[in-house]
Structures are given as structure tokens and as C-alpha cells.
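Here's a quick briefing to read with the model open beside you. Take it topic by topic, starting at the ligand.

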Amino acid sequence: MNGFSAYFGRQRPAATDPQLAPPAAPFVPPSPPSPLGPLGVVATPPPAQVPVAEPEVADLEAGDRLGPTGRPLPHLPIPPPLDKHGPAKVIALCNQKGGVGKTTTTISLGAALAELGRRVLLVDFDPQGSLSVGLGLNPHEIGLSVYNLLLERDVVLEDVICKTNIAGMDLAPSNIDLSAAEVQLVQEVAREQALSRVLAPAIADYDVVLIDCQPSLGLLTINALTAADGVIVPLECEYFALRGVALLKDTIEKVGERLNPRLEILGLLGTMFDGRTLHSREVLKTLVDGWGDDVFHTVIRRTVKFSDSTVAGEPITTYAPASPGAQAYRQLALEVLARCHAA
Ligand SMILES: Nc1ncnc2c1ncn2[C@@H]1O[C@H](COP(=O)(O)OP(=O)(O)OP(=O)(O)O)[C@@H](O)[C@H]1O
Ligand SMILES: [Mg+2]
């Protein structure tokens, strides 16, 4: 049985639609008010807008202390090393809103999973090619890309895959060519299954395949959802980010019903969180009120280190290995593996 189904079989709290207006009552911090920073590290609760130092070290085994989402942090065991690889869990990073951290999460989560000894394939499924650029590729120098893989029958996955500087993490790159695929695929037989078909050989070789989607709910994204076992929805901790989640959920459910019964929402990930602002904390609370345990315990803080690591063309886990951002993605990797393998 698919681990996602088991995970999501548990009770979900009565939902308040996060697309609705903010809670009528003024924001009340999680009860009891948490003195913990996003990574479970004790910090003095700051008044809104007053800068505080970020915690230096993440505590990955936080026991029953409260996390930034106001819930007790789960115990996240370090998974044992693998003696063989596959079959891969395919996870789409999806949100039709732009600039919410899909690409950053794909790179950083992939690198954190590779650190845990998982074989990871990153699939750049956005014609912007940000994932490829973020890993140091020049978009004009990519030879065969995911576009060729989708539309040319003599091109196979191993022709397209490149190694990254991270051991155990490979990339199927893309560039602007992919924008033509959306139009060309319309005429294809089984157009929604094109990505699923070409990724099939990766399932035996990798442990996790992460698909970085473009910010739209068009045919490319439907292809990613059709190929995936689970979806991670990165959401900027900002009010407008909550609008549109219901539409995304609706799309995921339709793809689940019509094209891919394996598909589950693996989790919603709060990104660009700024615990110093009431607004960020309020948005996170609204998210947890509406989606309960579907929201990852891990929350990614806003820090300029992510932009810096993009410029350097490497994941934050190697660019700033001890930074809170790197630690947060390591914690997310543990949480993702736990959710994938939940009995
Ligand atoms: N936690 C963070 N703190 C600060 N900046 C961040 C964070 N995560 C991502 N960023 C920056 O925000 C910008 C958008 O991030 P990213 O490209 O990952 O979003 P995206 O959802 O993939 O965007 P698009 O929809 O355009 O593909 C980038 O410049 C990135 O470096
Ligand atoms: Mg992106």
C-alpha cells in the first residue's frame, strides 16, 4: 500500500477553508504561547517587528516541545542507510502562485535527502529553468532537456540526466524550450501521462524523485500531478498566499479522481516565515487551523542565504551548511521520509 494513503488516513481536524478571510477574532498565539523558535529552539518571544537573533542550531529530535506551528514537534528518527535503492516516491512541488519557494525547496530538500543517503532525481518541469540555473547550469548550454524527453521518442531519460555537485543527486534539466511542450502535448495521445511515461525508468534507480512545477495549473502541472505519488505545497507565510490553496486542492482532487488515484497531498510547507511579525504568525495559524496535520511541522524562515545560495549555484545545505535554513530543510527531509513511510 502507498505510504501516503496510510499517513493521510488519519483524522483531519474540522477544516476552516484557508481561502476564507482571516479569522474574525484577533490573532491569538498558539496555546500555550510558544517560547520556541521555528526549529524548536528556545527563544525569547519577540514583540512584533523587533529583530531577534535566529537560532544557530536545529534540534531534530525535539520530543514534545512546541514547534512554530503551535503543535508539539514529532520525534523524527534519522532513517537507517539503504543497502539498495528504489522504488522511488515521486513528489511534485506545486503551487500555481509564483515565488513561494517551490524551486528552493526542490533543491534544498533534494540535497538534504541526498545527505541521508537517498538517491534523488530532481526534475526541472518549469520552462523558467530556475532549478537548473540554481544548480549552476547555463540554460543555453543544456543539450537534451526534459522537452526532448517528452516529445522525441528516441530520447530516453538517461540521455537527459546530468550529475550535480551533490553526491547522489541528479538533475533532469529544462530551459525555455519546455514552454513549447505545453502546446505540442495537446495533440498527443494520453497527453496528461507524458511525464509519467518518460519518468518510469527512474523509479527503480532512485529513492525520491522531486518535480519542480511551474507556477500555473496548466497541462505541464497536470502531467506532474499525474506522475506523482504525493504533492508538497510550499506556501509563503503571507496572506495572499492562502488564496488559491482551495483551487489547488480542487485540482489535485480532480487529478486524483480522473488520472492518478495514488496522488495525495503530502504536506503544506510554510516558507519565508518571519517569526518577528504578527502577520507571518497569523498566516501560519490560519494555515494550521484549516489544514491541521497536513501542514508540515517544519517551517522555513525568511533569510537572504537562500538568494545567496542561488547565485552561488548550490543548495543551502552545502553553501551554508550550519545555517538555520539548511537545518530546516534537513528537518523537512526527515519529516518527508516519515510521512512517506508512515504505516
Ligand atoms: N525561505 C526563504 N527566505 C528568503 N528568500 C527565499 C526563501 N525561499 C526562497 N527564497 C527566494 O525567493 C525567490 C523565489 O523562490 P523560488 O524561486 O524558490 O520560488 P518558486 O515558487 O519556485 O518561484 P516560481 O513560481 O517563479 O517558480 C528566490 O529569489 C529565492 O531565492
Ligand atoms: Mg520555481
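The shell around ligand 1 splits into five nonpolar, eleven polar and three charged residues; here Ala, Val, Leu, Ile, Met, Phe, Trp, Tyr, Cys and Pro count as nonpolar, Asp, Glu, Lys and Arg as charged, and the others, Gly among them, as polar. Keep in mind that this is a predicted model, where local features need pLDDT of at least 70, side-chain atom pairs count only at pLDDT 80 or more, and totals for chains, interfaces and linings use all residues. Residues are numbered from 1 along each chain as its sequence is written, while chains are lettered from A and ligands numbered from 1 in the order in which they are written.

**Around the ligand**

- There are 19 residues surrounding ligand 1, and the closest are G98, K102, T103, T104 and P215; a residue is near the ligand if its C-beta atom, placed from the backbone, lies within 6 Å of it.
- Three elements, α2, β7 and α13, each put at least two residues into that shell.
- Helices (H or I, at least four residues) and strands (E, at least two) are DSSP runs, numbered from the N terminus.

**Helix α13**

- Helix α13 covers residues 305-312, and its buried residues are F306, S309 and T310.
- Those buried residues fall within an arc of 105° seen down the axis of α13, so they line one face of the helix; the arc is that of the directions from the helix axis to the C-beta atoms.
- "Buried" means 20 or more other C-beta atoms within 10 Å of the residue's own, "exposed" means 12 or fewer, and "partly exposed" is in between, with C-beta atoms placed from the backbone.
- On the face turned away from the buried side of α13 you'll find the exposed residues S307 and V311.
- What do the buried residues of α13 pack against? They pack against α2 (102-115), α3 (130-134), α14 (316-319) and α15 (324-340), where a contact is two C-beta atoms, placed from the backbone, within 7 Å.

- Strand β2 (residues 120-125) runs parallel to β4, joined by four bridges; strands pair if DSSP finds at least two bridges between them.
- One pairing to click on is V123 with its bridge partner A172 in β4.
- Strand β3 (residues 162-163) is antiparallel to β4, with two bridges, and K163 stands opposite D170.
- β3 and β4 make a hairpin with five residues between them, and G168 in the turn has a positive phi of about 90°.

**The core**

- The largest nonpolar core has 91 residues, and V209, I211 and A224 have the most contacts inside it; such a core is a set of buried Ala, Val, Leu, Ile, Met, Phe, Trp, Tyr and Cys residues joined through C-beta atoms within 7 Å.
- α15 gives the most to this core, with nine residues.
- Setting aside neighbours within four places in sequence, I211 is in contact with V90, A92, L93, V123, F125, A224, A227 and A228.
- Helix α9 (residues 219-227) is largely enclosed by the rest of the structure, because eight of its nine residues are buried; A224 and A227 are among them.

- Most residues other than glycine have a negative phi, and most peptide bonds are trans.
- A cis peptide bond joins G86 and P87, with omega about -10°, and P87 lies in the loop between α1 and β1.
- A190 has a positive phi near 50°; A190 sits in the loop between α6 (178-185) and α7 (194-199) and is exposed, with 11 other C-beta atoms within 10 Å.
- M272 also has a positive phi, near 55°, but M272 is in strand β7 and counts as buried, with 21 C-beta neighbours inside 10 Å.

**Whole chain**

- The protein chain comes to 15 helices and eight strands, and 49% of its 343 residues count as buried.
- Of the contacts with a separation of 6 or more, 78% involve residues 24 or more positions apart.
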